[in-house]
Amino acid sequence: MSSPIPVNPAVITCGDQKSAAAIAEMLETRSREYLQHCLKTSPNLDRHTVWSRLYAVTQRLKEAVLSGGSESVADAVIEIGSNLLGCEEMAVVALPGIGSPPSIISSVGLTAVSRQTLKTNGSAIAKEIRRGQVRIVDKRLPGDEFLASVGITALVPLAQGHIAEGAIVFFSLLPQRQGFDSRDREILGLLAAYGPSLFNLHTGAGSARR
Amino acid sequence: MPAKILIVDDSSTTLLMEEMLLRKYTNFDVVQARNGQEAVQTALSEQPDLILMDVIMPKMDGFAACREMRRQEKLRETPIILVTSRGEPQNVEMGFESGCNDYLTKPIESSDLLQLVNGYISAGKAN
(Lines give C-alpha, C1' and ligand atoms only; values in the text may rest on other atoms or scores of the structure.)
Protein backbone atom coordinates (compact mmCIF):
# COMPACT_ATOMS: atom_id res chain seq x y z
CA MET A 1 0.00 0.00 0.00
CA SER A 2 1.20 3.53 -0.69
CA SER A 3 2.78 5.22 2.27
CA PRO A 4 0.62 7.64 4.23
CA ILE A 5 1.36 11.32 3.89
CA PRO A 6 2.45 12.93 7.12
CA VAL A 7 0.32 15.86 8.14
CA ASN A 8 1.50 18.51 10.54
CA PRO A 9 -0.37 17.73 13.80
CA ALA A 10 -0.42 21.41 14.62
CA VAL A 11 -2.54 21.90 11.57
CA ILE A 12 -4.79 18.92 12.16
CA THR A 13 -5.81 20.27 15.52
CA CYS A 14 -6.57 23.59 13.93
CA GLY A 15 -10.07 23.62 15.20
CA ASP A 16 -12.87 21.30 14.39
CA GLN A 17 -15.38 23.94 15.39
CA LYS A 18 -13.40 27.12 14.86
CA SER A 19 -15.02 30.13 13.31
CA ALA A 20 -14.56 31.08 9.68
CA ALA A 21 -12.49 34.09 10.69
CA ALA A 22 -10.13 31.96 12.80
CA ILE A 23 -9.63 29.42 10.03
CA ALA A 24 -9.12 32.17 7.47
CA GLU A 25 -6.47 33.68 9.71
CA MET A 26 -4.68 30.33 10.00
CA LEU A 27 -4.80 29.89 6.25
CA GLU A 28 -3.39 33.39 5.78
CA THR A 29 -0.53 32.60 8.17
CA ARG A 30 0.29 29.42 6.25
CA SER A 31 0.01 31.31 3.01
CA ARG A 32 2.53 33.92 4.15
CA GLU A 33 4.90 31.12 5.16
CA TYR A 34 4.63 29.53 1.71
CA LEU A 35 5.25 32.90 0.11
CA GLN A 36 8.39 33.35 2.20
CA HIS A 37 9.63 29.91 1.14
CA CYS A 38 8.89 30.87 -2.44
CA LEU A 39 10.91 34.05 -2.20
CA LYS A 40 13.88 32.14 -0.79
CA THR A 41 13.81 29.63 -3.65
CA SER A 42 14.89 30.06 -7.25
CA PRO A 43 11.91 30.00 -9.63
CA ASN A 44 13.92 27.59 -11.77
CA LEU A 45 13.66 24.89 -9.12
CA ASP A 46 10.81 22.40 -8.88
CA ARG A 47 10.47 23.27 -5.23
CA HIS A 48 9.47 26.81 -6.18
CA THR A 49 6.47 25.46 -8.09
CA VAL A 50 5.42 23.46 -5.01
CA TRP A 51 5.60 26.53 -2.74
CA SER A 52 3.72 28.62 -5.33
CA ARG A 53 0.94 26.06 -5.59
CA LEU A 54 0.66 25.73 -1.81
CA TYR A 55 0.41 29.51 -1.62
CA ALA A 56 -2.42 29.48 -4.18
CA VAL A 57 -4.22 26.64 -2.35
CA THR A 58 -4.21 28.40 1.02
CA GLN A 59 -5.28 31.71 -0.52
CA ARG A 60 -8.08 30.00 -2.46
CA LEU A 61 -9.34 28.11 0.61
CA LYS A 62 -9.26 31.32 2.62
CA GLU A 63 -11.32 33.04 -0.07
CA ALA A 64 -13.83 30.15 0.03
CA VAL A 65 -14.13 30.23 3.82
CA LEU A 66 -14.74 33.97 3.86
CA SER A 67 -17.27 33.83 1.03
CA GLY A 68 -19.34 31.66 3.34
CA GLY A 69 -21.57 29.81 0.89
CA SER A 70 -22.36 26.17 1.63
CA GLU A 71 -20.93 25.04 -1.70
CA SER A 72 -17.98 27.40 -1.90
CA VAL A 73 -15.47 25.19 -0.07
CA ALA A 74 -16.32 22.11 -2.13
CA ASP A 75 -16.11 24.16 -5.30
CA ALA A 76 -12.73 25.56 -4.24
CA VAL A 77 -11.41 22.05 -3.60
CA ILE A 78 -12.65 20.94 -7.02
CA GLU A 79 -11.02 23.98 -8.63
CA ILE A 80 -7.72 23.27 -6.88
CA GLY A 81 -7.84 19.65 -8.05
CA SER A 82 -8.52 20.68 -11.58
CA ASN A 83 -6.06 23.58 -11.88
CA LEU A 84 -3.18 22.65 -9.58
CA LEU A 85 -3.30 18.86 -9.61
CA GLY A 86 -4.43 18.35 -13.20
CA CYS A 87 -7.35 16.10 -12.32
CA GLU A 88 -10.26 16.20 -14.74
CA GLU A 89 -12.58 13.86 -12.87
CA MET A 90 -13.06 14.11 -9.14
CA ALA A 91 -15.66 14.27 -6.39
CA VAL A 92 -16.02 15.49 -2.83
CA VAL A 93 -18.07 12.86 -1.02
CA ALA A 94 -19.66 12.53 2.42
CA LEU A 95 -19.90 9.27 4.35
CA PRO A 96 -23.39 9.37 5.89
CA GLY A 97 -22.81 6.39 8.16
CA ILE A 98 -21.33 2.92 8.50
CA GLY A 99 -22.60 0.75 5.68
CA SER A 100 -23.88 3.66 3.59
CA PRO A 101 -22.19 4.39 0.27
CA PRO A 102 -20.47 7.75 -0.20
CA SER A 103 -22.79 10.55 -1.32
CA ILE A 104 -21.51 13.19 -3.72
CA ILE A 105 -21.33 16.76 -2.36
CA SER A 106 -19.60 18.29 -5.37
CA SER A 107 -17.90 16.95 -8.48
CA VAL A 108 -16.29 17.85 -11.76
CA GLY A 109 -16.11 15.80 -14.96
CA LEU A 110 -17.41 12.66 -13.28
CA THR A 111 -18.29 10.03 -15.90
CA ALA A 112 -21.32 7.76 -15.62
CA VAL A 113 -18.90 4.89 -15.00
CA SER A 114 -17.26 6.65 -12.06
CA ARG A 115 -20.64 7.63 -10.60
CA GLN A 116 -21.70 4.02 -10.85
CA THR A 117 -18.41 2.93 -9.26
CA LEU A 118 -19.10 5.15 -6.25
CA LYS A 119 -22.49 3.45 -5.89
CA THR A 120 -21.71 -0.18 -6.58
CA ASN A 121 -18.34 -0.21 -4.81
CA GLY A 122 -19.45 2.32 -2.22
CA SER A 123 -18.93 0.15 0.82
CA ALA A 124 -15.44 -0.93 -0.23
CA ILE A 125 -14.46 2.63 -1.12
CA ALA A 126 -15.86 3.87 2.20
CA LYS A 127 -13.74 1.25 3.96
CA GLU A 128 -10.64 2.56 2.20
CA ILE A 129 -11.57 6.14 3.13
CA ARG A 130 -12.00 5.11 6.78
CA ARG A 131 -8.39 3.96 6.89
CA GLY A 132 -7.79 7.69 7.30
CA GLN A 133 -4.69 7.95 5.13
CA VAL A 134 -4.04 10.22 2.19
CA ARG A 135 -3.37 7.81 -0.66
CA ILE A 136 -1.72 8.25 -4.02
CA VAL A 137 -2.77 5.05 -5.68
CA ASP A 138 -0.10 2.91 -7.28
CA LYS A 139 -1.46 -0.30 -8.78
CA ARG A 140 1.94 -1.95 -8.38
CA LEU A 141 1.76 -1.63 -4.61
CA PRO A 142 0.05 -4.29 -2.51
CA GLY A 143 -3.08 -2.82 -0.94
CA ASP A 144 -3.72 -0.39 -3.77
CA GLU A 145 -5.07 -2.94 -6.26
CA PHE A 146 -8.73 -2.38 -5.42
CA LEU A 147 -8.64 1.42 -5.71
CA ALA A 148 -6.63 1.16 -8.93
CA SER A 149 -9.10 -1.37 -10.35
CA VAL A 150 -12.01 1.08 -9.92
CA GLY A 151 -10.06 3.95 -11.49
CA ILE A 152 -9.29 5.93 -8.33
CA THR A 153 -5.93 7.71 -8.56
CA ALA A 154 -5.86 9.38 -5.14
CA LEU A 155 -7.93 9.56 -2.00
CA VAL A 156 -7.96 12.32 0.61
CA PRO A 157 -9.99 11.45 3.70
CA LEU A 158 -11.74 14.28 5.50
CA ALA A 159 -11.54 13.20 9.11
CA GLN A 160 -12.69 14.83 12.33
CA GLY A 161 -10.36 13.31 14.87
CA HIS A 162 -10.10 9.66 13.93
CA ILE A 163 -13.42 9.44 12.13
CA ALA A 164 -13.49 9.99 8.39
CA GLU A 165 -16.70 11.81 7.49
CA GLY A 166 -15.96 12.24 3.84
CA ALA A 167 -13.25 12.33 1.23
CA ILE A 168 -11.94 13.90 -1.91
CA VAL A 169 -11.88 11.15 -4.53
CA PHE A 170 -9.68 11.64 -7.58
CA PHE A 171 -10.31 9.65 -10.75
CA SER A 172 -8.70 10.33 -14.13
CA LEU A 173 -6.02 12.93 -14.67
CA LEU A 174 -5.50 15.21 -17.64
CA PRO A 175 -3.76 13.57 -20.62
CA GLN A 176 -0.52 15.49 -19.99
CA ARG A 177 -0.29 14.00 -16.49
CA GLN A 178 1.14 10.50 -16.11
CA GLY A 179 0.04 10.25 -12.49
CA PHE A 180 0.27 12.04 -9.17
CA ASP A 181 3.84 12.60 -8.04
CA SER A 182 5.72 13.60 -4.92
CA ARG A 183 5.05 17.28 -5.63
CA ASP A 184 1.31 16.67 -5.41
CA ARG A 185 1.60 15.00 -2.01
CA GLU A 186 1.89 18.27 -0.14
CA ILE A 187 -1.24 19.71 -1.73
CA LEU A 188 -3.16 16.53 -0.92
CA GLY A 189 -1.81 16.66 2.64
CA LEU A 190 -2.88 20.28 2.97
CA LEU A 191 -6.40 19.45 1.78
CA ALA A 192 -6.54 16.59 4.29
CA ALA A 193 -5.40 18.88 7.08
CA TYR A 194 -7.76 21.78 6.43
CA GLY A 195 -10.60 20.02 4.64
CA PRO A 196 -12.39 18.69 7.75
CA SER A 197 -12.51 22.09 9.45
CA LEU A 198 -13.63 23.76 6.25
CA PHE A 199 -16.36 21.26 5.50
CA ASN A 200 -17.47 21.33 9.10
CA LEU A 201 -18.29 24.99 8.58
CA HIS A 202 -20.13 24.49 5.35
CA THR A 203 -21.91 21.17 5.14
CA GLY A 204 -24.65 21.59 2.66
CA ALA A 205 -26.33 20.81 -0.60
CA GLY A 206 -24.57 18.93 -3.35
CA SER A 207 -23.51 20.35 -6.65
CA ALA A 208 -22.04 19.07 -9.86
CA ARG A 209 -20.16 21.09 -12.41
CA ARG A 210 -19.59 20.41 -16.07
CA MET B 1 6.89 52.46 -17.76
CA PRO B 2 6.47 48.83 -16.65
CA ALA B 3 4.97 46.33 -19.06
CA LYS B 4 1.36 45.40 -18.45
CA ILE B 5 0.10 41.79 -18.39
CA LEU B 6 -3.56 40.81 -18.65
CA ILE B 7 -4.29 37.49 -16.94
CA VAL B 8 -7.59 35.82 -17.78
CA ASP B 9 -9.09 32.79 -16.03
CA ASP B 10 -12.37 31.80 -14.42
CA SER B 11 -10.38 29.99 -11.73
CA SER B 12 -9.32 32.11 -8.74
CA THR B 13 -6.70 29.47 -7.95
CA THR B 14 -4.88 30.02 -11.23
CA LEU B 15 -5.20 33.81 -11.01
CA LEU B 16 -3.76 33.75 -7.47
CA MET B 17 -0.72 31.77 -8.57
CA GLU B 18 -0.11 33.77 -11.76
CA GLU B 19 -0.52 37.11 -10.03
CA MET B 20 1.85 36.17 -7.21
CA LEU B 21 4.53 35.01 -9.67
CA LEU B 22 4.24 38.09 -11.85
CA ARG B 23 4.16 40.57 -8.96
CA LYS B 24 7.02 38.99 -7.03
CA TYR B 25 9.34 38.09 -9.90
CA THR B 26 8.79 40.82 -12.46
CA ASN B 27 8.11 44.53 -12.28
CA PHE B 28 5.12 44.23 -14.62
CA ASP B 29 1.68 45.63 -13.89
CA VAL B 30 -1.02 42.97 -13.72
CA VAL B 31 -4.69 43.31 -14.64
CA GLN B 32 -7.29 40.54 -14.50
CA ALA B 33 -10.39 39.32 -16.32
CA ARG B 34 -12.65 36.33 -15.48
CA ASN B 35 -14.00 35.32 -18.91
CA GLY B 36 -13.35 35.81 -22.60
CA GLN B 37 -15.84 38.63 -23.03
CA GLU B 38 -14.37 40.59 -20.14
CA ALA B 39 -10.88 39.83 -21.49
CA VAL B 40 -11.62 41.46 -24.86
CA GLN B 41 -13.08 44.55 -23.19
CA THR B 42 -10.22 44.82 -20.68
CA ALA B 43 -7.60 44.27 -23.38
CA LEU B 44 -9.10 47.07 -25.49
CA SER B 45 -9.19 49.50 -22.59
CA GLU B 46 -5.92 48.54 -20.88
CA GLN B 47 -3.76 47.82 -23.95
CA PRO B 48 -1.63 45.15 -22.23
CA ASP B 49 1.79 44.15 -23.54
CA LEU B 50 0.92 40.47 -23.16
CA ILE B 51 -2.16 38.36 -22.47
CA LEU B 52 -2.16 35.08 -20.51
CA MET B 53 -5.54 33.46 -21.12
CA ASP B 54 -7.36 30.28 -20.07
CA VAL B 55 -9.34 28.40 -22.72
CA ILE B 56 -12.37 26.87 -20.99
CA MET B 57 -14.28 29.82 -19.57
CA PRO B 58 -17.91 30.95 -19.28
CA LYS B 59 -19.53 33.50 -21.64
CA MET B 60 -16.71 33.38 -24.22
CA ASP B 61 -13.96 30.76 -24.31
CA GLY B 62 -10.28 31.51 -24.87
CA PHE B 63 -10.29 30.49 -28.55
CA ALA B 64 -13.20 32.82 -29.36
CA ALA B 65 -11.65 35.63 -27.31
CA CYS B 66 -8.35 35.13 -29.12
CA ARG B 67 -10.07 35.33 -32.52
CA GLU B 68 -11.97 38.46 -31.43
CA MET B 69 -8.78 40.12 -30.22
CA ARG B 70 -7.08 39.42 -33.55
CA ARG B 71 -9.97 41.16 -35.33
CA GLN B 72 -9.25 44.32 -33.31
CA GLU B 73 -6.64 46.61 -34.84
CA LYS B 74 -5.35 47.60 -31.37
CA LEU B 75 -4.74 43.98 -30.32
CA ARG B 76 -3.57 42.40 -33.55
CA GLU B 77 0.09 42.32 -32.50
CA THR B 78 -0.34 41.71 -28.75
CA PRO B 79 1.26 38.38 -27.76
CA ILE B 80 -1.35 35.93 -26.44
CA ILE B 81 -0.36 32.85 -24.44
CA LEU B 82 -3.15 30.36 -23.89
CA VAL B 83 -2.94 28.68 -20.49
CA THR B 84 -5.08 25.60 -20.36
CA SER B 85 -5.71 22.17 -18.95
CA ARG B 86 -6.44 20.84 -22.47
CA GLY B 87 -2.98 20.02 -23.80
CA GLU B 88 -4.02 17.53 -26.49
CA PRO B 89 -2.53 18.21 -29.97
CA GLN B 90 -5.91 19.08 -31.52
CA ASN B 91 -6.51 21.71 -28.83
CA VAL B 92 -3.04 23.17 -29.26
CA GLU B 93 -3.70 23.36 -33.01
CA MET B 94 -7.04 25.09 -32.40
CA GLY B 95 -5.24 27.57 -30.19
CA PHE B 96 -2.76 28.52 -32.87
CA GLU B 97 -5.54 28.70 -35.48
CA SER B 98 -7.38 31.14 -33.23
CA GLY B 99 -4.31 33.38 -33.28
CA CYS B 100 -2.42 32.67 -30.08
CA ASN B 101 1.38 32.96 -30.02
CA ASP B 102 2.09 30.27 -27.47
CA TYR B 103 0.55 27.58 -25.33
CA LEU B 104 1.12 26.61 -21.70
CA THR B 105 -0.55 23.62 -20.06
CA LYS B 106 -1.84 23.41 -16.51
CA PRO B 107 -0.77 22.70 -13.82
CA ILE B 108 1.54 25.69 -14.27
CA GLU B 109 5.26 25.43 -13.49
CA SER B 110 6.75 28.66 -12.07
CA SER B 111 9.77 28.58 -14.36
CA ASP B 112 7.77 27.92 -17.55
CA LEU B 113 5.43 30.82 -16.91
CA LEU B 114 8.16 33.30 -15.99
CA GLN B 115 10.43 32.29 -18.89
CA LEU B 116 7.64 32.60 -21.46
CA VAL B 117 6.39 35.94 -20.15
CA ASN B 118 9.87 37.43 -19.81
CA GLY B 119 10.78 36.14 -23.27
CA TYR B 120 7.83 37.82 -24.97
CA ILE B 121 8.19 41.07 -23.04
CA SER B 122 11.93 41.26 -23.83
CA ALA B 123 11.26 40.51 -27.50
CA GLY B 124 8.57 43.21 -27.56
CA LYS B 125 10.95 45.77 -26.10
CA ALA B 126 13.64 44.79 -28.59
CA ASN B 127 11.22 45.44 -31.46
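**View 1. Five strands of chain B line up in an open sheet with parallel pairing, in the order 2-1-3-4-5.** Strands pair here if DSSP finds at least two bridges between them; strands (E, at least two residues) and helices (H or I, at least four) are DSSP runs, numbered from the N terminus. At the edges lie strand 2 (29-33) and strand 5 (102-105) of chain B, each pairing on one side only. From one strand to the next, the twist averages 20 degrees. This is a predicted model, where local features need pLDDT of at least 70, side-chain atom pairs count only at pLDDT 80 or more, and totals for chains, interfaces and linings use all residues. Residues are numbered from 1 along each chain as its sequence is written, while chains are lettered from A and ligands numbered from 1 in the order in which they are written.

**View 2. Strand 4 (residues 80-84) of chain B meets strand 5 of chain B in the parallel sense, over four bridges.** Look for Val83(B), whose bridge partner in strand 5 of chain B is Leu104(B).

**View 3. Helix 3 (residues 46-67) of chain A crosses helix 1 (residues 12-25) of chain B at roughly 130 degrees, their axes coming within 9 Å.** Axes are lines fitted to C-alpha atoms, for helices over the stretch in contact, and angles run from 0 to 180 degrees between N-to-C directions. Helix 3 of chain A is therefore oblique to helix 1 of chain B (under 35 degrees is roughly parallel, over 145 roughly antiparallel, 65 to 115 roughly perpendicular, and the rest oblique). Residues are in contact if their C-beta atoms, placed from the backbone, lie within 7 Å; among those making this contact are Tyr55(A) and Leu16(B).

Notes:
Contact = placed C-beta atoms within 7 Å.
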